[in-house]
Amino acid sequence: ARVRHYKFNVVMKNATRLCSTKPIVTINGNFPGPTIYAREDDTVLVKVVNHVKYNVSIHWHGVRQLRTGWADGPAYITQCPIQPGQVYVYNFTLTGQRGTLLWHAHILWLRATVYGALVIMPKLGVPYPFPRPHMEQVILLGEWWKSDTEAVINEALKSGLAPNVSDAHVINGHPGPVQGCASQGFNLQVEQGKTYLLRIINAALNEELFFKIAGHQLTVVEVDAVYTKPFKTDTIVIAPGQTTNVLLTTNKATGRYLVAASPFMDAPILVDNRTAQATIHYSGTLSSTITTLTSLPPKNATPVATKFTDSLRSLNSNTYPAKVPLKIDHSLFFTSSLGVNPCATCVNGSRVVADFNNVSFVMPKISLLQAHFFNISGVFTDDFPAKPPVMFNFTGTQPANFATKTGTRLYRLPYNSTVELVLQDTGMIAPENHPIHLHGFNFFVVGRGIGNFNPKKDPKNFNLVDPVERNTVGIPAGGWTIIRFRADNPGVWFMHCHLEVHTTWGLKMAFVVDNGKGPNESLLPPPSDLPKC
Ligand code: C2O
């Protein structure tokens, strides 16, 4: 295994999209940011130098960070932010992981422009479990905001109302052809009769996306850096924080074909409805005629999303077995909901809040991992409820006087215990999709359904053989998802909705996992350059 060195200078840079120019926060002046390349078991050192006026931190989304929680990145959870003028070196090893992940800023809404791909190749000499592609290409999906996203969210928090939505989606940083603006969009040049591996990443702040390529089928082979049983589809569905590797076979002779990303949200709320456009083009001069899609799923096309999600299975081969926990030590039941709380200083006298089990998470002033490691009291409590306070009708309205509570409450897991977590969406305002991301672990998605989870009936249909293994999973609007994982990574691990607006409102919590007893089980001490609060 090798050591890979990267330098991330956080700098402002002017960027022009949708006919207007604004300064954005970037890594080394690039939007999207640089791709990090490594191999399984390599060690990665990223020196982050903060040259902007904002506090910064970077998260390596999906990297297990075994015993190195200090390098995980979420601000005030595992580290204090890197302040203007400061430097921090993220130092982590990609133990037993290979595939496509992403990195992104993990503070406020900076990840609107601060994100990039993390590509982990298999160990030297180890093949993919599918035919070797002719070429590989990173496809980063994101958003473009004409206004300053920090201003957008600060304004929303002050008013108590929902923030605005983005002005466009982007593919590799570009919205694609826009009327009146000189904008071509991203183009991938291809050759006939070859297979391409597309590493598709959704880095958008607030939107799940459909992704399609005109005239071509895609074969899904991996999600969230775990191999899947290959299956063919013409549409993929991808939530913020998720990655999907697909094989694209170039079965045409000539022409230019549309690549599109459009929003999926099964709730009557405002989203950025703009479809991002890119193209693939067969050899020769770039033609201006583009073969368009015969159809794109509408925003609320839940059946399309469900069909895709239900097709995902772990590869579960001899080389890559699915190690699903069968005996469960901790059975947890978390509701996720959006609610409205009183707010004296807000425009309407109320503000939108979001919660797991009726607890809207309050960010601490120093990092939780430091508080845990150095036994600093008064930063958090470890009494996060294992169940919601009342089992109200999950797809109906909330009981009277049911205000959301606030707190910095964690759930404590003994090292190596096994966990089953029911994630149930509720409808205190309206049911909504929630892509939930757990830091520090991969989990198995053993079950999923619409309506209320039925603990008597539904477990009979769990897939305990080859469930998909990932780090970010959608709770369907008004439905449920069940995940299982082993708490084999000591530290403090954030879990939150990866729709940034919901995280901001409090749809987040953290697990604290006690140290193991063995020499290779304990959390390492913090690096000497760990930022201070
Ligand atoms: Cu990709 Cu805590 O996030």
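Begin by selecting Asn 357, which lies in the loop between β21 (350-356) and β22 (359-361), where strands are DSSP runs of E with at least two residues, numbered from the N terminus. This is a predicted model, in which local features need pLDDT of at least 70, side-chain atom pairs count only at pLDDT 80 or more, and totals for chains, interfaces and linings use all residues. Residues are numbered from 1 along each chain as its sequence is written.

Asn 357 is not a glycine, yet its phi is positive, at about 45°. Asn 357 counts as buried because it has 22 C-beta neighbours inside 10 Å (buried means 20 or more other C-beta atoms within 10 Å of the residue's own, exposed 12 or fewer, and partly exposed in between, with C-beta atoms placed from the backbone).

Select Asp 224 next, in the loop between β14 and β15; phi of Asp 224, likewise a residue other than glycine, has a positive value near 45°. Asp 224 has 25 C-beta neighbours inside 10 Å and therefore counts as buried.

From there, colour the open sheet of six strands, whose order is β10-β9-β12-β17-β14-β15 with mixed pairing (two strands pair if DSSP finds at least two bridges between them). β10 (168-171) and β15 (226-233) each have a single partner strand and stand at the edges, so one side of each is left without a neighbour in the sheet. Within it, β14 (residues 218-223) and β17 (residues 243-249) pair in the antiparallel sense over five bridges, and Thr 219 stands opposite Leu 247 in β17.

Finally, go to Pro 32, in the loop between β2 (20-27) and β3 (36-39), where the peptide bond from Phe 31 to Pro 32 is cis, with omega near -10°.

How values were computed:
Helices (H or I, at least four residues) and strands (E, at least two) are DSSP runs, numbered from the N terminus.
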